[in-house]
Amino acid sequence: MATILLVEDNPANMKLAAFVLGQGGHDVLCATSADEALVLVQERQPALVLMDVQLPGMDGLTATRRLKDDPSTRAIPVIALTAFAMRGDAERIREAGCDGYIAKPIRYQQLLGEVARALENNNENNPGGRS
């Protein structure tokens, strides 16, 4: 399957999402901060980034903007993970460059469905792209 970078500062959420992704056949890289995530994306070029919105220091939306501004990482899809699912949040998340979002608490089927959709869309838009 694909290499996915999971960016999450909550250990319980990290453990659950990493387990679900692993059970889905994906290789999972983990980062607990936006700064760590930016380095891992450059080094490993994952097929997808799952980005927590609320992170210590730099928030996930700022990190996403940086990824989307960089030609070497622009094509990597980013899905926001957020406890914020209020009116206007989806627009704010998309404006930052995210390709979608998943509301917390994370649900197994929804997570795997969104990941599959993002990877499929990326493969259609980038034939021969990363996995």
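In what order do the five strands of the open sheet stand? In this predicted model, where local features need pLDDT of at least 70, side-chain atom pairs count only at pLDDT 80 or more, and totals for chains, interfaces and linings use all residues, the order is 2-1-3-4-5, with parallel pairing. Residues are numbered from 1 along each chain as its sequence is written, and side-chain values use heavy atoms, with hydrogens and water left out.

Strands (E, at least two residues) and helices (H or I, at least four) are DSSP runs numbered from the N terminus, and two strands pair if DSSP finds at least two bridges between them. Strand 2 (27-31) and strand 5 (100-103) each have a single partner strand, so one side of each is left without a neighbour in the sheet. Strand 1 (residues 3-7) is joined to strand 2 by five bridges, and the bridge partner of Leu6 in strand 2 is Cys30.

Helix 1 (residues 11-23) packs on the sheet, where it touches strand 1, strand 2 and strand 3 (48-52), contact meaning heavy atoms within 4.5 Å. Helix 5 (residues 108-125) lies across strand 1, strand 3, strand 4 (78-82) and strand 5.

Helix 5 also gives the most to the lining of the largest pocket, with six residues. This lining divides into five nonpolar, four polar and six charged residues, where Ala, Val, Leu, Ile, Met, Phe, Trp, Tyr, Cys and Pro count as nonpolar, Asp, Glu, Lys and Arg as charged, and the others, Gly among them, as polar.

Notes: Axes fitted to C-alpha atoms, helices over the stretch in contact; angles between N-to-C directions.
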